[in-house]
Amino acid sequence: MATREAGDWLSSYLDYTDNTEPPTTYHLWTGLSVISGVLQRKVWMEWGHELIYPNMYIVLIGPSGRCRKGTAMNIGKHLLKSVKEVTISSESITREALIRVMKNASSTMIDPSNPSITKLHCSVTVFSEELSVFLGQNDLKFLSTLTDWYDSRDKWDYETKGTGKDSIQGVCVNMLGATAPDWLQSILPEEAIGGGFTSRIIFVVEERKRKTIANPILSIKDLALRKKLSKDLEQLILLRGRIDFTEEAQEMYENWYEEQDINSSKGKYPVADPRFAGYCERRPTHIKKLCMVLSASRGNEMIITGEDFNRARKILENAEKKMILAFGGLGSSKYGQITEKLLRFIASRGEVKRSQLLTLFYRDVDPETLLIVEDTLQKMKVLKVTLNPQTGDATYKYLK
């Protein structure tokens, strides 16, 4: 294969998107999704009795209109669309229509480890700026189907109205979606939270845009970099076969895995919310998928180095710091919604006085309820409360 023109694809993509308003994390995970969409089902990792593919389910979470979720996604989607061999689903599509799209995306590849074997795969990437449009309202059947697809089965059977049964060979669905936390209440039924579907999602949460750019003009340098990024995607799609850990990376992963297992047995989880228990158990799969994508971003060697593993771990840990905010007021707690609302406000300010909160949210919360919320947030270890004995007021500081 030819030498990459842009070097590490993801790093260059972040340079390309620097003069835009969305948070860097949105660009980072959009870039990861683009690489995953290009790799399709043609790259895999052998892990015991199973094969792991680089497809991911990523959801950008942020207040409507404030974080520029759509802007971040569209930049990545534009580059992905330049690769002819990639199938991108429309945003508003039924389960049945998406099945047809997958069947029509059927393609073949030669297994490089055994040229006599030809493999079928049906790889599709979903970009949905409004996840509620794509998933519908409390559609348990569609959620169950997406849960099945995540593991990229060799064969997936389904019922049809006309012929009774049909199947798809080599399922592979990669998804990047976006929504406001309030919308999740209408998209996901409460019983789906923390279960199979949401445990497969990496939620990327932000409260505000990164910076203000009144006139986002693309420079000559930006245009040249976009051309390089597009050309390098044409190389990425040629990658196929098995990706392996180096000995160093394998040892690093095993140490990380054992440490996570010890922490879990002690009740210490990377996301301190019971609704993320399923995600925490699936965390090793998430990090292996990230490692594959980052290896492909760096070069064509089809190996995962220690540097790749450390990079994947840091990226995942940074996303996990705010995942607790993803579900907003979902749940049956009497004070769940107001707790989430106030936490988001405090997080956006960094620091705020109790009197200011009461002034701004007097329609939603009274002094007695605020004290309950305050106590809850302190026990969650996301809030530090400092009392001023002279004024009787308190200062709330958000603990990231």
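Asp261 is partly exposed, because its relative accessible area is 49%; the class covers values between buried (under 20%) and exposed (over 50%), with a 1.4 Å probe and protein chains only. Accessible areas follow the Shrake-Rupley method with that 1.4 Å probe, and for residues only the protein chains shown count as cover. The model is predicted, so local features need pLDDT of at least 70 and side-chain atom pairs count only at pLDDT 80 or more, while totals for chains, interfaces and linings use all residues. Residues are numbered from 1 along each chain as its sequence is written, and side-chain values use heavy atoms, with hydrogens and water left out.

**Negative patch**

Asp261 belongs to helix H10; helices are DSSP runs of H or I with at least four residues, strands are E runs of at least two, and both are numbered from the N terminus. On the surface, Asp261 gathers with Glu247, Glu248, Glu251, Glu254, Glu258 and Glu281 in a patch of negative charge. Helix H10, residues 247-265, supplies the largest share of this patch, namely six residues. A patch is made of residues with over 30% relative accessible area and no salt bridge, like charges being joined within 9 Å and nonpolar side chains (Val, Leu, Ile, Met, Phe, Trp, Tyr) within 5 Å. Asp and Glu count as negative and Lys and Arg as positive, whereas His and the chain ends are not counted. Each charge is placed at CG of Asp, CD of Glu, NZ of Lys or CZ of Arg.

**Salt bridges**

A salt bridge requires a side-chain nitrogen of Lys or Arg within 4 Å of a carboxyl oxygen of Asp or Glu. The count by this rule is 22 salt bridges. Among them are the following pairs.

| Asp8 | Arg311 | 3.0 Å |

The salt bridge between Asp8 and Arg311 ties together parts 303 residues apart in sequence, because Asp8 lies in the segment before helix H1 (9-16) and Arg311 in helix H12 (residues 306-320). Asp8 is buried at 18% relative accessibility, and Arg311 is partly exposed at 24%.

Glu21 is buried at 12%, whereas Lys209 is partly exposed at 23%.

Asp18, Arg210 and Lys211 are joined in a network of salt bridges.
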